[in-house]
Amino acid sequence: MFEIDPDKPNIPALARILSGMGMLCLIGSAVSLMMAFSKYSWINETYAMIGAVAAFLLALLFAGQAKTLELLAVVSARLKSRFAIDSMTNMASPSPTTSSVPKPGLITQPVKERVIHVSDEQARQQGFKVR
């Protein structure tokens, strides 16, 4: 689960960080479990056992998130390559219907002038000449 496969695309840094945190939590879970059964007087067995279970659940959460991010990178790379292959095959062998029919040009609309209606009195006040 925590290996780096050279065939896969680059694993995101966040996935590597989550994998490392998951491994640290697994180690912490094992240490806490050993402390729970160690019978030292300064260790509360209940808290140590609860800590071991919590660290294990946290390790599962981190490992799951890391694997999900890793798989998302793989899916993204596959989709990009699939679209690249599709576009290359479409460019290499164009269909006869698209090559024989020319593409229409851009349709441009005539530019419309904006007409603003201003009363004659207001135009004189603003300094415009009235037609």
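Which residues make up the largest nonpolar core? Leu18, Cys25, Ala59, Phe62 and Ala66 do, five residues in all. Helix H1 (13-36) and helix H2 (45-92) are the elements that give two or more residues to this core. H2 gives the most, with three. The model is predicted. The protein chain has four helices and zero strands.

**Fold and confidence**

- Read along the sequence, the protein chain runs α-α-α-α.
- The protein chain has 131 residues, and 16% of them count as buried.
- Take the contacts in the protein chain between residues at least 6 apart in sequence: 62% of these join residues at least 24 apart.
- The accessible surface of the protein chain is about 11300 Å². Carbon and sulfur atoms account for 65% of that surface.
- Average pLDDT for the protein chain is 80. A score of at least 70 is reached by 82% of the residues.
- Confidence is highest in H1, at a mean of 91. It is lowest in helix H3 (residues 96-100), where the mean is 56.
- Where pLDDT is low, the predicted coordinates should not be read in detail.

**Core contacts**

- Phe62 is one of the five core residues.
- Leaving aside neighbours within four places in sequence, Phe62 is in contact with Leu18, Met21, Gly22 and Cys25.
- Leu18 and Cys25 belong to the core along with Phe62.

**Nonpolar surface patch**

- H1 and H2 each supply at least two residues of the patch.
- H2 gives the most to the patch, with five residues.
- Is Met23 buried or partly exposed? Met23 is partly exposed, because its relative accessible area is 36%, which falls between the 20% and 50% limits.

**Salt bridge**

- Side chains of opposite charge can pair when their charged atoms come close.
- The count here comes to one salt bridge.
- The side chains of Glu70 and Lys67 meet in a salt bridge, at 3.9 Å from N to O.
- Why are Glu70 and Lys67 about one helical turn apart? They are three residues apart in helix H2, so about one helical turn separates them.
- Glu70 counts as buried because its relative accessibility is 6%, under the 20% limit.
- Lys67 has 24% relative accessibility, so Lys67 counts as partly exposed.

**The loop between H1 and H2**

- Lys39 is placed in the loop between H1 and H2.
- Lys39 is not a glycine, yet it has a positive phi of about 65°.
- The relative accessible area of Lys39 is 67%, so this residue is exposed. The cut-off for exposed is over 50%.

- Met34 is placed in helix H1.
- With a relative accessible area of 57%, Met34 is exposed.
- How far apart in space are Met34 and Ala48? They are 8.6 Å apart, C-alpha to C-alpha. Along the sequence, 14 residues separate Met34 and Ala48.
- Tyr47 has its place in helix H2.
- Tyr47 counts as exposed because its relative accessibility is 62%.
- The C-alpha atoms of Tyr47 and Ser32 are separated by 9.0 Å. Along the chain, Tyr47 and Ser32 are 15 residues apart.

**Recap**

- H2 gives the most to the core and the most to the patch.
- Helix H2 also holds Glu70 and Lys67, whose side chains meet in a salt bridge.

Technical notes. Residues numbered from 1 in each chain as written. Heavy atoms only, no water. Core = buried A, V, L, I, M, F, W, Y, C linked by side-chain atoms within 4.5 Å. Buried < 20%, exposed > 50% of the residue type's maximum accessible area, 1.4 Å probe, protein only. Contact = heavy atoms within 4.5 Å. Areas by Shrake-Rupley, 256 points an atom, 1.4 Å probe, with all protein chains shown as cover. pLDDT = per-residue confidence, 0-100. Salt bridge = Lys/Arg side-chain N within 4 Å of Asp/Glu carboxyl O.
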